[in-house]
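Please brief me on this model. I want the fold elements, the helix packing and the contact between the chains.

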Amino acid sequence: MYLTRFDAQPDSFEELAMPLFDQLYNFAHWLTRNREEAEDLVQETYAKALKGFSSFQVGTNFRAWMYRILRNTFLTSRTGLNATMTLSLDSEEEEPELPGDGETPETILMERSNLQLVQGTIDELPAHFREVLLLCDVEEMSYQEIADTLSIPIGTVMSRLSRARKTLRDGLRLQFQKG
Amino acid sequence: MVCESWKAKLDTYLDGELPSEEMRAFDDHVHNCPSCSTNALTRVVAKRAIQVAGRRFTPSAEFRRRIQQRVAPKPRRSISLGWMFAAAAAVVLIVGVVTSNYVGTRSGSGQVFSEIADLHVVTLASSSLVDVISTDRHTVKPWFQGKIPFAFDLPELQNSEFSLLGGRMTYLDQTPGAHLIYDVRKHHISVFVFQARSLRLPAGQNDNSFTPKDVSFNMETWSKDGLRYFVIGDASAADIDSLAKLFKGVT
């Protein structure tokens, strides 16, 4: 969906929203895996946010609000619908946190510092793991912010994050063994 | 084992999300347990690697400008003055037709210089000025390896008034480039480096060093060894020229 005109014009929206532009685009590109779709997604996010800005509650988390709009918009897109079909049906809330592995492929990262290897492994994560990992480690959101953004309980954030990290470690280990 | 219960919470600890009392207990344990401290260190390195790898995609300047224009507050218009806008539009149309040829010959360079000025301003307004923070050129230069499709040299700044703040990736005309930020007497100066063949500068401006006139900052640009350099900032023209000369000395 292409939007060519934004209607509402609150003075402070631009000041609040534009500093988030780079990180929202980065997140959108990770979700869509495509530059043009990422641009469409960010454009639609800003259009929706501007239009609904009057309903934004001052004092609540604007960043989480913007990310939630972006993510919900993504989920209703064709790419988003395809991505969510891969979502595990496991009851995440009931899963205990996973303990750390005995072997630590992080040492591989220390020794090799291979940026492309890490990017490729993140890219291969299922969408619901990729997004929670990026929100935590790249956007440095708190668990509460992530819960607000993804509209899930904090317990689910923790278990999903734990699983995402384990999957990433397993993926890195696999790549390392291949290499 | 006691450590197993700690390991299960290691990531939560490193995310700073354990209750404060548990954080303190974990701190004490990590400081006294070689196994957990090693695990904690490697997890921190992994988090950092994910953070760096996750900052992968940068929006184009053109896309940023498009969104910026749409979210910028627009001046309110009076409906009763609608006819005046119609008349003004007609005048603009006539003037546009008459001057289109002249403007067409200027728009190529003007657009590039304008975009360079936009990139400079947007970066200074950004919450994260640089992606690699270092005053050491031997740290900043290698950071660009694998990110841009060319190599370039940075000048030695000893005995000069300039200091390097760091660098970041940038894009101009869909082309990746290096953006370096220097400081001189509290003025930030941007140095942009792109592959010359990737930029659409009009004939006659491709190879020479010159100072664009229609830019609201002091700017100097030149091309050498296949690379196009832009130095821009609100510092004096003399400072811009001095920094440009330092770069020309190493290129």
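This is a predicted model: local features need pLDDT of at least 70, side-chain atom pairs count only at pLDDT 80 or more; totals for chains, interfaces and linings use all residues.

Residues are numbered from 1 along each chain as its sequence is written, while chains are lettered from A and ligands numbered from 1 in the order in which they are written. Chain A has 10 helices and zero strands. In chain B, six strands form an open antiparallel sheet.

**Chain A overall**

- Helices (H or I, at least four residues) and strands (E, at least two) are DSSP runs, numbered from the N terminus.
- The sequence order of elements in chain A is α-α-α-α-α-α-α-α-α-α.
- Of the 179 residues in chain A, 44% are buried. A buried residue has 20 or more other C-beta atoms within 10 Å of its own; 12 or fewer means exposed, and in between means partly exposed, with C-beta atoms placed from the backbone.
- Two residues are in contact if their C-beta atoms, placed from the backbone, lie within 7 Å.
- Take the contacts in chain A between residues at least 6 apart in sequence: 74% of them join residues at least 24 apart.

- Two packed helices are described by the angle between their axes and the distance between the axes.
- Axes are lines fitted to C-alpha atoms, for helices over the stretch in contact, and angles run from 0 to 180 degrees between N-to-C directions.
- Helix α2 (residues 21-32) and helix α8 (residues 127-138) of chain A have axes that come within 10 Å and cross at roughly 160°. That crossing makes α2(A) roughly antiparallel to α8(A).
- The cut-offs are under 35 degrees for roughly parallel, over 145 for roughly antiparallel and 65 to 115 for roughly perpendicular; the rest are oblique.
- From α2(A), the contact uses A:F27, A:W30 and A:L31; from α8(A), it uses A:A127, A:R130, A:E131 and A:L134.
- These contact residues of α2(A) and α8(A) comprise five nonpolar, no polar and two charged. Ala, Val, Leu, Ile, Met, Phe, Trp, Tyr, Cys and Pro count as nonpolar, Asp, Glu, Lys and Arg as charged, and the others, Gly among them, as polar.

**Between the chains**

- 37 residues of chain B are in contact with 40 residues of chain A.
- On the chain B side, α1 (2-8), α2 (10-14), α4 and α5 (61-71) each supply at least two residues. The largest share, 12 residues, comes from α4(B).
- That side of chain B divides into 15 nonpolar, nine polar and 13 charged residues.
- The axes of α8(A) and helix α4 (residues 34-54) of chain B come within 9 Å and cross at roughly 105°. The two helices, α8(A) and α4(B), are therefore roughly perpendicular.
- A:L133, A:L134, A:D137 and A:V138 of α8(A) meet B:K47, B:I50, B:Q51 and B:G54 of α4(B). This set holds four nonpolar, two polar and two charged residues.

**The sheet of chain B**

- Its strand order is β1-β2-β3-β4-β6-β5. Two strands pair if DSSP finds at least two bridges between them.
- The edge strands are β1 (132-133) and β5 (218-224) of chain B, each pairing on one side only.
- β1(B) pairs with strand β2 (residues 163-172) of chain B over two bridges, in the antiparallel sense. Here B:I133 has B:G166 of β2(B) as its bridge partner.
- Helix α8 (residues 237-250) of chain B lies across β3 (175-184), β4 (187-195), β5 and β6 (227-233) of chain B, at about 20° to β5(B).

- Seven bridges join β4(B) to β6(B), with B:S190 opposite B:I232.
- Seven bridges also join β5(B) to β6(B), where B:S223 has B:R228 as bridge partner.
- β5(B) and β6(B) form a hairpin with two residues between them, and B:D225 in the turn has a positive phi of about 50°.
- B:D234 sits in the loop between β6 and α8 of chain B. It counts as partly exposed because it has 15 C-beta neighbours inside 10 Å.
- Beyond residues up to four places away in sequence, B:D234 touches B:H187 and B:F217. B:D234 and B:F217 are 17 residues apart in sequence and 5.4 Å apart in space, C-alpha to C-alpha.
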